[in-house]
Amino acid sequence: MSRRRVVVTGLGATTPIGGDVASSWSALLAGTSGVRTLTEEWAKDIPVSIAGRVLVDPSEVMERVEMRRLDRSEQFAMIASREAWKDAGSPEVELERLGVVIASGIGGVTTLLDQYDVLKEKGARFVSPHTVPMLMPNGPAANVGLELKARAGVHTPVSACASGAEAIGYAMEMIRNNRADIIVTGGVEAALHALPMSAFAAMKALSTRMDDPAGASRPYDVDRDGFVLGEGGGILVLEEYEHAKARGAKIYAEIAGQGLTSDGYHIAAPDPEGNGVRQAIAFALSDAGLTTRDIVHLNAHATSTPAGDVAEANALRTALGKDADHVAVSATKSMTGHLLGGAGAVESVFIVKALQDRMAPPTINIHNLDPAVTIDVVRDKPRALPAGDIAALNDSFGFGGHNVVLAFRTL
Amino acid sequence: MALTQEAVLAGIKEIVEEVAGIPAASIEMNKNFTDDLDVDSLSMVEVVVAAEERFGVKIPDDQVSELATVGDAVNFIVKASA
């Protein structure tokens, strides 16, 4: 029996540049930054107070009572999943063949910290009984699974900033392995809070370009000085190809393969040799039955950190060789900021849109391209992708040395 | 001084509206928290804590399971305040 193929039949997102996929995608093509100065009172007392808040707050699209039982990360998951499910045509599927795989890098961290404040100020009796379901990292997946009554399995892989991509890869495997016909999958993050922001700042991981929020996230620019934290999430509906065809579903693209490796190098720093990244790309191509010649677009992890961007670029050059010359590389974190566990998922949504529209989104804020970067970065304006059968890759890496590469192709 | 049944019912209505999103006007003494008002076991804890704070009474954990309806809760609180 030939391998079960997996296609994308629905998309959903809520990001710092749009409350849904359509608005996020058009803002991305227009080169719009979603990074702003936080106006909350707590933001005045922390070293870095620029971030990418979602453009459309959940309160604008969600009932108050539902919101108060959901962590913000869970709210993002519900909002993006509802959009994706509707986009997929609200498919009728046996519940035993429906699964959910949604990741988060940190989980319900704002709930945890807010309830700790309650404990200290008012006492244990006043700690919300909803705290545990709200703070658990599998909460976003669990809530979406509950709403859809999914019975094929609800999962949450956690690998820091690679979590969203890892979730999508896991979902693809569930369908390939015949555990399910449809999986709602992706990643979310809601960590704009004084503690996680102070903690990332303590690592010197965040950009301190406080006087220029929109210009702070500048992957590949010679003056990049760290990433900008973002929030939100992206969701894809993955479906077995024949199942999608049989119900006449709109098919965006095929998710054709994944490559997973680990660096074994350092808890937070990237391997400067980029061996794990290179190998993950090779595995993804092999798994997808693609060669470097097929790849025309790549959404890079490129978070705007001094070490990470060049290490990744070097690994891409090595992995793709001369074929890197025809790969339009986009670093969309220049506009969304870094959504941690949501990043790989939001960027997968963007890749699917790029294949659909045959348009690679721009990378903004590159005033002086770092001379160490020898890949073809799409700058300032979107770039048309070629006609015919084309494929694209999504790079996602996480603290801990996790490398995940996903391969998508037109169908 | 004992609270009146009327005052406690009004307070419970507000709390349940806040916790479960049920309009206060549709909340009556005979409504069952779980079946009629979408107050599950977790949300019931919220209702109890909010009621204790509001009415200055103690509702022991082993009594909570006895409070099936709004009327059960109202009567318990009125009695406890006496």
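Analyst: Two residues are in contact if their C-beta atoms, placed from the backbone, lie within 7 Å. This is a predicted model, in which local features need pLDDT of at least 70, side-chain atom pairs count only at pLDDT 80 or more, and totals for chains, interfaces and linings use all residues. Residues are numbered from 1 along each chain as its sequence is written, and chains are lettered from A and ligands numbered from 1 in the order in which they are written.

User: Among contacts in chain B between residues at least 6 apart in sequence, what percentage join residues at least 24 apart?

Analyst: Helices (H or I, at least four residues) and strands (E, at least two) are DSSP runs, numbered from the N terminus. Chain B has 5 helices and 0 strands. Among its contacts between residues at least 6 apart in sequence, the share that joins residues at least 24 apart is 53%.

User: What is the radius of gyration of chain B?

Analyst: The elements of chain B run α-α-α-α-α from the N terminus on. The radius of gyration is taken over C-alpha atoms, and the globule rule is 2.2 Å times the number of residues to the power 0.38. For 82 residues the rule gives 12 Å, and chain B is close to this, so it is as compact as a globular protein of that length; its radius of gyration is 11 Å.

User: Which residues of H3(B) are buried?

Analyst: The expected span of a helix is 1.5 Å times one less than its number of residues. Helix H3 (residues 41-55) of chain B has 15 residues and should span 21 Å, which agrees with the 21 Å between its end C-alpha atoms. A residue is buried if 20 or more other C-beta atoms lie within 10 Å of its own, exposed if 12 or fewer, and partly exposed in between, with C-beta atoms placed from the backbone. In H3(B) the buried residues are Ser43(B), Met44(B), Glu46(B), Val47(B), Val48(B) and Ala51(B).

User: Which residue follows H3(B)?

Analyst: Helices H1 (5-20), H2 (33-37), H4 (61-64) and H5 (70-80) of chain B are among what covers the buried residues of H3(B). After H3(B) comes a residue with a positive phi, near 65°, and that residue is Gly56(B).

User: Which element gives the most to the side of domain 1 of chain A that touches domain 2 of chain A?

Analyst: Chain A is divided into domain 1 (7-246) and domain 2 (255-409), with bounds from an automatic or database domain assignment. Their contact takes 63 residues from domain 1 and 56 residues from domain 2. Elements that give two or more residues to the domain 1 side include strand E1 (6-14) and helix H1 (21-29) of chain A. The element that gives the most, with 8 residues, is H7(A).

User: Why does Gly169(A) count as buried?

Analyst: Gly169(A) is found in helix H7 (residues 163-176) of chain A. Leaving aside neighbours within four places in sequence, Gly169(A) is in contact with Gln258(A), Leu260(A), Val404(A) and Leu406(A). Gly169(A) counts as buried because its C-beta neighbours inside 10 Å number 29.

User: At what angle do H7(A) and helix H13 of chain A pack?

Analyst: Axes are lines fitted to C-alpha atoms, for helices over the stretch in contact, and angles run from 0 to 180 degrees between N-to-C directions. The axes of H7(A) and helix H13 (residues 343-357) of chain A are 5 Å apart, and the helices pack at an angle of about 65°.
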